[in-house]
Amino acid sequence: MIRLQGKDRLTFPVTPGEIQFKGYGNDTESTTSITLYTGNRISGRRPKSISFEFMLPGDVNAEYIEVQGYQGPRAWLAGIDRLVGTEVLLTIDELNLAWNVLIGPCDGTFKGKNVDFHGSIELPLFVKDELVTWSNQKQILSPASVVAKPKAARANTSGKKAKKKSSSSLVDPAIQAIQRDRIDRKLASQDRAIGT
């Protein structure tokens with residue numbers, strides 16, 4: 001069942017057998033048709049418009065009408081005329097999907113013995129564009145921050161020379177010599193024990 005819910009609620013009296021999703025994915029124009037009775041699901045990409053063909057029965061007592069209180073094609077078309085140009089929520093029960101769409105005029109003709117209306121409709125997805133306005137008069141202006149640029153070091157003009165740092169080790173050279181002797185003796189005793 002396909003419903004249009006806005007200020008007024010409108011339900012298609014007979015569920016169409018197939019719907020088309022147009023222009024999804026990248027900007028290349030493409031169409032995907034889905035049969036509602038098989039319960040197929042679409043991929044996660046959003047379409048740009050949804051279209052389908054529908055029928056409004058002229059006989060209000062027909063057995064295949066799914067909506068209680070259906071008053072005929074002329075009353076239904078008057079209802080869609082009230083919705084033209086507005087944003088409504090389109091729900092498709094068979095696919096468990098809902099989108100905000102814009103309602104445009106539908107095309108169709110009256111045919112048959114019961115004067116059924118056979119029509120088609122295309123519903124573009126409603127995309128809300130939020131415009132951001134900016135005005136300096138409404139904002140409290142803060143002083144500009146000072147940006148300091150790094151400069152090259154200035155040349156020494158005082159004539160003084162910097163003290164040279166001595167590269168002294170953390171361990172005294174006499175202690176280093178004692179530790180080297182211990183390591184050498186230990187390696188020599190290990191070599192004798194091995195027999196080399």
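Q: Which residue of β2 stands opposite Leu-4?
A: This is a predicted model: local features need pLDDT of at least 70 and side-chain atom pairs count only at pLDDT 80 or more, while totals for chains, interfaces and linings use all residues. Residues are numbered from 1 along each chain as its sequence is written, and side-chain values use heavy atoms, with hydrogens and water left out. β1 and β2 pair in the antiparallel sense over three bridges, where pairing requires that DSSP finds at least two bridges between two strands. A hairpin of three residues joins β1 to β2, and the residue standing opposite Leu-4 is Leu-10.

Q: How many helices and strands does the protein chain have?
A: Helices (H or I, at least four residues) and strands (E, at least two) are DSSP runs, numbered from the N terminus. From the N terminus on, the elements run β-β-β-β-β-α-β-β-β-β-α. The secondary structure comes to two helices and nine strands.

Q: Which strands stand at the edges of the open sheet?
A: The open sheet consists of four strands with antiparallel pairing, in the order β2-β1-β6-β7. Each edge strand has a single partner, so one side of it is left without a neighbour in the sheet; the edge strands are β2 (9-11) and β7.

Q: What angle does the direction of α1 make with that of β2?
A: Angles run from 0 to 180 degrees between N-to-C directions, and axes are lines fitted to C-alpha atoms, for helices over the stretch in contact. Helix α1 packs on the sheet and touches β1, β2 and β6, contact being heavy atoms within 4.5 Å. The direction of α1 and that of β2 make an angle of about 135°.

Q: Why are the buried residues of α1 on the same side of the helix, and what arc do they cover?
A: Pro-73, Trp-76, Leu-77, Gly-79, Ile-80 and Leu-83 of α1 are buried, with buried meaning under 20% relative accessible area, exposed over 50% and partly exposed in between (1.4 Å probe, protein chains only).

Q: Which residues touch the most other members of the largest nonpolar core?
A: A nonpolar core is a set of buried Ala, Val, Leu, Ile, Met, Phe, Trp, Tyr and Cys residues joined through side-chain atoms within 4.5 Å. The largest such core has 29 residues, and those touching the most other members are Leu-4, Phe-52, Phe-54, Trp-76 and Ile-80.

Q: Which residue of β9 does Thr-109 stand opposite?
A: Strand β8 (residues 107-111) runs antiparallel to β9, and five bridges join the two. Their hairpin has four residues between the strands, and Gly-112 takes a positive phi near 85° there. In β9, the residue opposite Thr-109 is His-118.

Q: What share of the residues in the protein chain is buried?
A: Among contacts between residues at least 6 apart in sequence, 56% join residues at least 24 apart. Of the 196 residues in the protein chain, the buried share is 27%.
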